[in-house]
Amino acid sequence: MNPTATPYVSTYLGHRFHPAAPSIDDVHIEDIAHGLAFQCRFNGQTRAFYSVAQHSLLVAGLVPARLRLAALLHDAAEAYLGDMVKPLKALFPEFSRLEEGVMAIIGERFGVAGFAAPAIKRADLIALATEKRDLLPHSSEAWASLSGITPVPARIQPLAPHEAKATFLERFRELSCATPRREPVAQCA
């Protein structure tokens, strides 16, 4: 396949990412951190800018240590594909297939699996309940997916995109250096 003939996304670092034919060599943590930090959750329908990167940090803080890196990266495909709201995503099953393929490549790139682990799914719902409470003040209706889910007590203080990116990258380095690997990670040496 001619890589210039397939649609691609230009990344922050100047790479080309081909969503329909993702390559492990095109996945870079700074592109992921940047893309997630500059994307607002809930299609921007929040009281203040709140990034997918900050959401990922929240989720990573709610799971057991062994799942933290997977939790931090659980929405990493959104750096390349965008953050499509769930009601819209349900209408486009092909998007979900693309997202699964991109997540597989991201997992391979960083040696991480288990993005859909039950503990991560539950933490994602706890984060969602907290975000609904703190960031969507006019969303007074009950969400069926949050039945029985209690938000964390602490209120969310939204981070600016550059702060969210720096915090995401720092947390990634901490977690990736703490994760046993067959090959050492250069930044941990």
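Over the ring of which residue does the charged end of Arg41 sit, and how far is it from the centre of that ring?

Modeller: The charged end of Arg41 sits over the ring of Phe42, at 4.8 Å from the ring centre. A charge is said to sit over a ring if NZ of Lys or CZ of Arg is within 6 Å of the ring centre and within 35 degrees of the ring normal. This is a predicted model, in which local features need pLDDT of at least 70 and side-chain atom pairs count only at pLDDT 80 or more, whereas totals for chains, interfaces and linings use all residues. Residues are numbered from 1 along each chain as its sequence is written, and side-chain values use heavy atoms, with hydrogens and water left out.

The ring of Phe42 also has an aromatic partner. The structure holds three aromatic pairs; in such a pair, ring centres of Phe, Tyr or Trp (its six-membered ring) lie within 6.5 Å, and planes under 30 degrees apart count as stacked, over 60 as edge-to-face and the rest as tilted. Phe42 and Trp143 form a tilted pair, because their planes stand at 50° with the ring centres 6.5 Å apart. Since Phe42 belongs to the loop between helix H1 (29–37) and helix H2 (52–60), and Trp143 to the loop between helix H7 (118–135) and helix H8 (161–178), the pair ties together parts 101 residues apart in sequence. Helices here are DSSP runs (H or I, at least four residues), numbered from the N terminus.

Phe42 counts as buried at 16% relative accessibility, while Trp143, at 24%, is partly exposed. Buried means under 20% relative accessible area, exposed over 50% and partly exposed in between, computed with a 1.4 Å probe and protein chains only. Trp143 has a charge over its ring as well: the charged end of Lys132 sits there, 5.1 Å from the centre.

The loop between H1 and H2 also contains Thr46, which is buried at 16% relative accessibility. Leaving aside residues up to four places away in sequence, Thr46 touches Cys40, Arg41, Leu135 and Leu136, where contact means heavy atoms within 4.5 Å. From Thr46 to Ser140 the separation is 94 residues in sequence and 13 Å in space, C-alpha to C-alpha.

H2 is mostly covered, with eight of its nine residues buried; among them are Val52, His55 and Leu57. These buried residues of H2 pack against H1, helix H3 (68–72), helix H4 (78–81), H7 and H8.

Glu30 and Lys165 meet in one, at 3.1 Å from N to O. Glu30 is in helix H1 and Lys165 in helix H8, so that the bridge links distant parts of the chain, 135 residues apart. Glu30 is partly exposed, at 29% relative accessible area, whereas Lys165 is buried at 9%.

Definitions and conventions: Helix = DSSP H or I, 4+ residues; strand = E, 2+ residues; numbered from the N terminus. Salt bridge = Lys/Arg side-chain N within 4 Å of Asp/Glu carboxyl O.
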